[in-house]
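Hello,

Here is the structure I promised to pass on to you. Please have a look at it first, and then read my notes below.

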Amino acid sequence: MLLQILFNGSIGTETKLAIIIPYIISVLIIIFLILPIHELAHGWVACKLGDNTAKRDGRLTLNPLPSISPIGSLFLLLFGFGWARPVAVNPSNFKHPRVGMALTALAGPMSNLICGFLGAIILWGIFYGTGNSMPDWVNYFFSTYIQMNVAIAVFNLVPIPPLDGSKILGAFLPDRVREMFYRYQMIFIAIAFVILFTDILNRPLSIVMNACLDAVYWLAQQPFHWFGL
(Lines give C-alpha, C1' and ligand atoms only; values in the text may rest on other atoms or scores of the structure.)
Protein backbone atom coordinates (compact mmCIF):
# COMPACT_ATOMS: atom_id res chain seq x y z
CA MET A 1 0.00 0.00 0.00
CA LEU A 2 2.76 2.47 0.92
CA LEU A 3 4.66 1.51 -2.22
CA GLN A 4 1.55 2.11 -4.32
CA ILE A 5 1.20 5.60 -2.88
CA LEU A 6 4.89 6.45 -3.29
CA PHE A 7 5.12 5.31 -6.91
CA ASN A 8 1.73 6.63 -8.04
CA GLY A 9 2.68 9.25 -10.61
CA SER A 10 -0.82 10.71 -10.74
CA ILE A 11 -0.58 11.97 -7.13
CA GLY A 12 1.34 15.16 -6.35
CA THR A 13 3.99 15.40 -3.64
CA GLU A 14 1.84 17.42 -1.24
CA THR A 15 -1.08 15.04 -1.68
CA LYS A 16 1.22 12.06 -1.11
CA LEU A 17 2.40 13.56 2.18
CA ALA A 18 -1.19 14.22 3.24
CA ILE A 19 -1.97 10.55 2.60
CA ILE A 20 1.28 8.89 3.75
CA ILE A 21 1.46 10.46 7.22
CA PRO A 22 -2.02 9.34 8.42
CA TYR A 23 -1.44 5.99 6.68
CA ILE A 24 1.80 5.36 8.58
CA ILE A 25 0.19 6.39 11.88
CA SER A 26 -2.74 4.02 11.31
CA VAL A 27 -0.35 1.17 10.42
CA LEU A 28 1.68 1.77 13.58
CA ILE A 29 -1.52 1.57 15.64
CA ILE A 30 -2.38 -1.70 13.91
CA ILE A 31 1.09 -3.11 14.61
CA PHE A 32 1.46 -1.96 18.22
CA LEU A 33 -2.15 -2.24 19.41
CA ILE A 34 -4.51 -4.12 17.09
CA LEU A 35 -2.33 -7.13 16.25
CA PRO A 36 -1.54 -7.67 19.97
CA ILE A 37 -5.31 -7.48 20.65
CA HIS A 38 -5.85 -10.08 17.90
CA GLU A 39 -3.36 -12.47 19.50
CA LEU A 40 -4.64 -11.68 23.01
CA ALA A 41 -8.14 -12.63 21.86
CA HIS A 42 -6.86 -16.02 20.70
CA GLY A 43 -5.06 -16.63 23.99
CA TRP A 44 -7.89 -15.36 26.19
CA VAL A 45 -10.53 -17.58 24.57
CA ALA A 46 -8.17 -20.57 24.68
CA CYS A 47 -7.56 -19.91 28.37
CA LYS A 48 -11.30 -19.68 29.07
CA LEU A 49 -11.80 -23.01 27.30
CA GLY A 50 -9.14 -24.78 29.37
CA ASP A 51 -5.80 -24.21 27.61
CA ASN A 52 -3.38 -22.09 29.66
CA THR A 53 -0.52 -22.23 27.13
CA ALA A 54 -0.84 -18.56 26.17
CA LYS A 55 -1.03 -17.54 29.82
CA ARG A 56 2.03 -19.62 30.66
CA ASP A 57 3.92 -18.04 27.74
CA GLY A 58 3.03 -14.53 28.92
CA ARG A 59 0.90 -13.81 25.85
CA LEU A 60 -2.23 -12.65 27.71
CA THR A 61 -1.00 -9.09 27.48
CA LEU A 62 -1.37 -5.93 25.40
CA ASN A 63 2.42 -5.51 25.46
CA PRO A 64 3.18 -5.44 21.72
CA LEU A 65 6.73 -6.82 21.95
CA PRO A 66 5.82 -10.54 22.21
CA SER A 67 3.44 -10.19 19.26
CA ILE A 68 5.54 -8.20 16.82
CA SER A 69 6.88 -9.97 13.75
CA PRO A 70 9.47 -7.70 12.07
CA ILE A 71 8.81 -9.15 8.60
CA GLY A 72 5.03 -9.20 9.10
CA SER A 73 5.11 -5.58 10.26
CA LEU A 74 7.20 -4.55 7.25
CA PHE A 75 4.78 -6.28 4.89
CA LEU A 76 1.87 -4.51 6.57
CA LEU A 77 3.54 -1.13 6.08
CA LEU A 78 4.60 -1.68 2.48
CA PHE A 79 1.83 -3.85 1.05
CA GLY A 80 -1.15 -3.34 3.37
CA PHE A 81 -1.19 -6.88 4.78
CA GLY A 82 0.96 -8.55 7.41
CA TRP A 83 0.99 -10.76 10.46
CA ALA A 84 2.06 -11.03 14.09
CA ARG A 85 3.78 -13.77 16.07
CA PRO A 86 1.03 -16.34 16.68
CA VAL A 87 -0.07 -17.39 20.15
CA ALA A 88 0.65 -21.05 20.91
CA VAL A 89 -2.47 -23.17 21.53
CA ASN A 90 -2.68 -26.80 22.65
CA PRO A 91 -6.06 -28.20 21.51
CA SER A 92 -5.63 -31.32 23.66
CA ASN A 93 -6.31 -29.16 26.70
CA PHE A 94 -9.81 -28.35 25.46
CA LYS A 95 -12.75 -30.41 26.62
CA HIS A 96 -13.90 -30.50 23.02
CA PRO A 97 -10.68 -29.97 20.97
CA ARG A 98 -12.30 -29.29 17.60
CA VAL A 99 -14.87 -26.83 18.91
CA GLY A 100 -12.32 -25.23 21.23
CA MET A 101 -9.83 -24.73 18.41
CA ALA A 102 -12.50 -23.28 16.11
CA LEU A 103 -13.70 -20.78 18.74
CA THR A 104 -10.13 -19.83 19.61
CA ALA A 105 -9.33 -19.24 15.94
CA LEU A 106 -12.52 -17.20 15.40
CA ALA A 107 -11.67 -14.89 18.33
CA GLY A 108 -8.85 -13.14 16.46
CA PRO A 109 -10.83 -12.02 13.38
CA MET A 110 -13.77 -11.08 15.58
CA SER A 111 -11.51 -8.79 17.63
CA ASN A 112 -10.52 -7.00 14.41
CA LEU A 113 -14.14 -6.52 13.39
CA ILE A 114 -14.91 -5.09 16.84
CA CYS A 115 -11.89 -2.75 16.68
CA GLY A 116 -12.93 -1.64 13.18
CA PHE A 117 -16.49 -1.08 14.39
CA LEU A 118 -15.28 1.11 17.28
CA GLY A 119 -13.13 3.09 14.85
CA ALA A 120 -16.18 3.61 12.61
CA ILE A 121 -18.21 4.90 15.56
CA ILE A 122 -15.49 7.44 16.33
CA LEU A 123 -15.31 8.43 12.65
CA TRP A 124 -19.08 8.98 12.44
CA GLY A 125 -18.93 10.90 15.73
CA ILE A 126 -16.31 13.26 14.31
CA PHE A 127 -18.25 13.50 11.03
CA TYR A 128 -21.47 14.60 12.71
CA GLY A 129 -19.66 16.60 15.40
CA THR A 130 -17.86 18.76 12.84
CA GLY A 131 -20.97 19.36 10.78
CA ASN A 132 -19.88 17.02 8.00
CA SER A 133 -16.66 19.00 7.45
CA MET A 134 -13.89 17.02 9.17
CA PRO A 135 -10.33 17.39 7.83
CA ASP A 136 -9.32 15.04 5.01
CA TRP A 137 -6.41 13.60 6.97
CA VAL A 138 -8.76 12.55 9.81
CA ASN A 139 -11.04 10.83 7.32
CA TYR A 140 -8.10 9.08 5.65
CA PHE A 141 -6.59 7.98 8.97
CA PHE A 142 -9.79 6.40 10.28
CA SER A 143 -10.73 4.96 6.89
CA THR A 144 -7.33 3.25 6.64
CA TYR A 145 -7.58 1.98 10.22
CA ILE A 146 -11.09 0.58 9.67
CA GLN A 147 -10.26 -0.97 6.29
CA MET A 148 -7.16 -2.67 7.65
CA ASN A 149 -9.08 -4.19 10.55
CA VAL A 150 -11.74 -5.54 8.22
CA ALA A 151 -9.11 -6.77 5.75
CA ILE A 152 -7.21 -8.61 8.51
CA ALA A 153 -10.44 -10.22 9.71
CA VAL A 154 -11.59 -11.31 6.25
CA PHE A 155 -8.18 -12.55 5.11
CA ASN A 156 -7.64 -14.53 8.31
CA LEU A 157 -10.96 -16.31 7.74
CA VAL A 158 -9.75 -17.75 4.43
CA PRO A 159 -9.56 -21.53 5.06
CA ILE A 160 -5.91 -21.93 4.07
CA PRO A 161 -3.27 -22.97 6.67
CA PRO A 162 -1.96 -21.34 8.77
CA LEU A 163 -4.77 -18.76 8.67
CA ASP A 164 -7.48 -18.83 11.33
CA GLY A 165 -10.05 -19.96 8.78
CA SER A 166 -8.20 -23.25 8.31
CA LYS A 167 -8.59 -24.03 12.02
CA ILE A 168 -12.29 -23.26 11.85
CA LEU A 169 -12.67 -25.47 8.79
CA GLY A 170 -10.63 -28.18 10.50
CA ALA A 171 -13.33 -28.54 13.13
CA PHE A 172 -15.69 -29.88 10.46
CA LEU A 173 -13.31 -32.13 8.50
CA PRO A 174 -13.03 -35.90 8.98
CA ASP A 175 -9.86 -36.94 10.83
CA ARG A 176 -8.15 -38.35 7.74
CA VAL A 177 -8.84 -35.30 5.59
CA ARG A 178 -7.90 -33.00 8.45
CA GLU A 179 -4.55 -34.75 8.89
CA MET A 180 -3.72 -34.34 5.19
CA PHE A 181 -4.94 -30.76 5.32
CA TYR A 182 -2.32 -29.84 7.91
CA ARG A 183 0.40 -32.17 6.60
CA TYR A 184 0.68 -30.09 3.43
CA GLN A 185 0.20 -26.73 5.08
CA MET A 186 3.54 -25.37 3.77
CA ILE A 187 2.24 -25.87 0.23
CA PHE A 188 -0.93 -24.02 1.17
CA ILE A 189 1.17 -21.18 2.61
CA ALA A 190 3.00 -20.84 -0.71
CA ILE A 191 -0.33 -20.87 -2.54
CA ALA A 192 -1.64 -18.15 -0.21
CA PHE A 193 1.27 -15.86 -1.10
CA VAL A 194 0.76 -16.50 -4.82
CA ILE A 195 -2.93 -15.67 -4.42
CA LEU A 196 -2.11 -12.41 -2.67
CA PHE A 197 -0.17 -11.14 -5.66
CA THR A 198 -2.67 -12.30 -8.32
CA ASP A 199 -6.37 -11.89 -9.01
CA ILE A 200 -7.15 -15.55 -8.24
CA LEU A 201 -8.64 -14.72 -4.87
CA ASN A 202 -8.20 -10.97 -4.67
CA ARG A 203 -11.48 -10.16 -6.41
CA PRO A 204 -13.68 -12.51 -4.33
CA LEU A 205 -11.90 -11.31 -1.19
CA SER A 206 -12.46 -7.70 -2.21
CA ILE A 207 -16.18 -8.36 -2.65
CA VAL A 208 -16.43 -9.95 0.79
CA MET A 209 -14.27 -7.27 2.39
CA ASN A 210 -16.30 -4.44 0.86
CA ALA A 211 -19.52 -6.07 2.04
CA CYS A 212 -18.13 -6.39 5.58
CA LEU A 213 -16.80 -2.83 5.44
CA ASP A 214 -20.22 -1.51 4.39
CA ALA A 215 -21.84 -3.50 7.23
CA VAL A 216 -19.38 -2.10 9.80
CA TYR A 217 -19.98 1.49 8.64
CA TRP A 218 -23.75 0.97 8.57
CA LEU A 219 -23.91 -0.57 12.05
CA ALA A 220 -21.67 2.15 13.50
CA GLN A 221 -23.92 4.85 12.03
CA GLN A 222 -27.15 3.50 13.56
CA PRO A 223 -26.71 4.99 17.08
CA PHE A 224 -26.36 8.45 15.52
CA HIS A 225 -29.54 7.91 13.50
CA TRP A 226 -31.37 6.99 16.67
CA PHE A 227 -30.58 10.45 17.99
CA GLY A 228 -31.68 12.06 14.74
CA LEU A 229 -28.23 13.05 13.51
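Let me begin with a helix pair: H5 (residues 97-129) and H6 (residues 136-156) pack at an angle of about 160 degrees, with axes 8 Å apart. Helices here are DSSP runs of H or I with at least four residues, numbered from the N terminus, and axes are lines fitted to C-alpha atoms over the stretch in contact, with angles from 0 to 180 degrees between N-to-C directions. H5 and H6 are therefore roughly antiparallel, the word for angles over 145 degrees.

This is a predicted model, in which local features need pLDDT of at least 70 and side-chain atom pairs count only at pLDDT 80 or more, while totals for chains, interfaces and linings use all residues. Residues are numbered from 1 along each chain as its sequence is written, and side-chain values use heavy atoms, leaving out hydrogens and water.

Next, the largest nonpolar core has 32 residues, of which Ile30, Leu76, Ile146 and Tyr217 touch the most other members. Such a core is a set of buried (under 20% relative accessible area, 1.4 Å probe, protein chains only) Ala, Val, Leu, Ile, Met, Phe, Trp, Tyr and Cys residues joined through side-chain atoms within 4.5 Å. H6 gives the largest share of this core, nine residues.

Leu76 touches, among others, Tyr23, Ile30, Phe81 and Met148, leaving aside residues up to four places away in sequence; contact means heavy atoms within 4.5 Å.

Finally, look at the cis peptide bond from Pro161 to Pro162, with omega near 5 degrees. Pro162 sits in the loop between H6 and helix H7 (164-170).

Best wishes

How values were computed: Helices (H or I, at least four residues) and strands (E, at least two) are DSSP runs, numbered from the N terminus. Angles under 35 degrees count as roughly parallel, over 145 as roughly antiparallel, 65 to 115 as roughly perpendicular and the rest as oblique. Buried means under 20% relative accessible area, exposed over 50%, partly exposed in between (1.4 Å probe, protein chains only).
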